[in-house]
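This report examines selected features of one structure. Please consult the sequence and the model while reading.

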Amino acid sequence: MTLTVPKAGSDGGRAARVRVEEPQGGAMLAQFGDQMRQVGEALENDYLSREAQRFQTDLTGEMNNLRLEVMEIGDPDQAEAAWRQGSQALRQSYLEGQTDDGRPRVSPKNAEKFGLTFDELHNRNAFSLGKQTLGARQAQQEATFIRYAQTATQQGATADPDMRATLLGQGYEQIDQMVAAGVIDAAEGERRKLGLTQDMDNARAIAMVASDPDGFLASSGDGDFAGLPADVRARYRVQAQGNIDRAASAAQTAAEKAAKEQEKVVGERLQAIIDVRDGGLKSVDERWLASDEAKNHPDHPKAMAKLSLSNEQPRLQQMTPAELRASIAGEENRPVKHKYQTERVQLLKDRLKLAETELSKDAVAYVRDIGLYVPDLPEFDPSDPAAYAKGLQARVKMSDDLVEKGFVRDPVYLDETELEALKEAAAIENDPSARASLAYALTQSLPADSSVTVADLIDDPVMNHIGGLQAAGGRATLATEVLRGQQVIEAGNVKLPPAADRTSAAHVALQGYFADEPEGEQTEAAIRASADALYAARVRRTDPTAAIDEDIYRQALHEVLGGTGKYGRSNAKGGMQNVRGALTPLPMNISADSVNRALAQLQFDMEGRKSPVYDRMDAEFAAMAQAGGALPPQDFIGGADAQARADAIWQAASRSGGQPGINGEVIAPDALADMRLKAVGPDEYRLMHNGRTVADTLSGLPFEFSLTEILKGYEQ
């Protein structure tokens, strides 16, 4: 049976239907509930979406921060542990944490989505971090091997063969581990093994070359140190041989040094024996001279020579140069029986050289050192200058003895230290009165005929001159005044023109006065400097460059020449005075009047004129007449007797024994009246006639005479 199913086009039209109306309230309520559900689902979905976005954003940042923090950790193991703990804590903070309003940070409906997000971010950051920790692990392996290689190299330098094998094995094992871990490839691993072997052999070679070069040569020659390149091994062998040679040389040097030190000790011991003998004593060590140690020393003959000479000549040390020369000649002529005899000659020559050197350098110190008596010389004390003078006089006697014995040719009074002390005491800045006392003490103590003068001890012409002035009877107050003026000039408070620029009569009269004296120029300069100093002490002017007051200067020159009284007055004696109209230096205590009277009387005698034997103007007779006493009878002389007296006086006063003459003839009496005196030295004068020098009838040279002798002839 076939069932035909009607299809399209077979609509039979509307049929009758019964319409039943259903209630509408429930449907509307259902529709409202459905709409509310849809709204709630939409809100929830929106919240879940926003929550997912929020935790995705926050998780991305926090995961990244965690990774950055972990990357700061250098140790890869610690870094992995920190990452693991940190990521777990981060997951827990989201899954178990709550928001500020008390809701979970991840809703249960978002848990799956959070897990996917977390895993994705964790894996990406873990991968990045893993690459870094892998590099750090490899770098750590590299560092560990480098440290091991250094330690193994240091230990292997001095280790025994078994220990070196162990060290190399451990190093090779570390290299193999790095190859297996992919830190280095196989080729690099092989290079490192060769390098470790070479470094260890190199360190051992350096140590052995320095400490055991012989052992290195033996070991390297037997095939050891295979890790070293051939050229390096050859270079080390050269260094080792050099060290061996240097060590041998150093050992030889040390031995020689020790021998020299021992030789020095023995030499000092021998010299000590010699020095004891030099002191006039006998050493307790002289028995040692018989020992081989002493005999083998080159100075042994010298010591033996010293002993034999000391035994034969006990005063060897105090022998004069002449005595030493005689001893040398005697030794050289003596047959040589002992080796030390030649040393005796040399010893004497050394002694002679020492004596001559020290005597020429500081004779007083030398004679004191060799034990000769040297009188004490106290330091100069201005309050007791006599003590210094007494000590210096004792030194003069000592010096005479040294000259007589032949130690020195010229007198010596002071040693170098005493001479320096003397110069300090004489310094210009010191108290003038103290310096004057010192100058007097020196001049008073030194012999007049000594070749050593005050000028040789003190380089001060003014001080030297006033010392002589005091010794000749000059006043100490004048000497002090001169030295005070010297300080005035030194300070620049008074300035005087050079001697060459001075034209006054006083200066002209002084020029050439000491020309014929030994060191006459120095003497004249000393007198002029002394006059300058006395002038400076008296002038008291405010302008240092003002013109010289000739009256004051003439008086100063008069006094430093030994003059007393006022220049140009009847009480003036010595110094500078006016004789026959010319300024003339006169001997001390002689007045111009007495000179003029004596010359006048001499002219009378040359004429044969009758005159008293004694001049009634003599000071003694004048005093008697003034006292009203009776004068003795007066004798007269004249004629040939008077002329004979004149000849005798001329001859006694003349330096040659002759008489003054012109053209070979004795001068006429009336010519003497026209002549002037020219001083050429202390108490040495010439006669000047019409500007020309009168000659000596005996020698033909300028006639020179002593005024003092002429005055004696007339008892002036």
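F114 and F118 both belong to helix α3, residues 108-156, and lie 4 residues apart, about one turn of the helix. Helices (H or I, at least four residues) and strands (E, at least two) are DSSP runs numbered from the N terminus. The model is predicted: local features need pLDDT of at least 70 and side-chain atom pairs pLDDT 80 or more, while totals for chains, interfaces and linings use all residues. Residues are numbered from 1 along each chain as its sequence is written, and side-chain values use heavy atoms, without hydrogens and water.

The structure holds 10 aromatic pairs. Rings of Phe, Tyr and Trp (its six-membered ring) pair if their centres lie within 6.5 Å; planes under 30 degrees apart count as stacked, over 60 as edge-to-face and the rest as tilted. The ring centres of F114 and F118 are 5.8 Å apart and the planes stand at 35°, so this pair is tilted.

**A three-stranded sheet**

An open sheet of 3 strands runs in the order β6-β5-β10, with antiparallel pairing; two strands pair if DSSP finds at least two bridges between them. Strands β6 (665-666) and β10 (695-696) are at the edges with a single partner strand each, so one side of each has no neighbour in the sheet.

Strand β5 (residues 660-662) is joined to β10 by 2 bridges in the antiparallel sense. Opposite G661 stands A695 in β10.

Helix α21 (residues 592-607) meets helix α23 (residues 639-653) through residues including L602 and M606 of α21 and I649 and W650 of α23; contact means heavy atoms within 4.5 Å.
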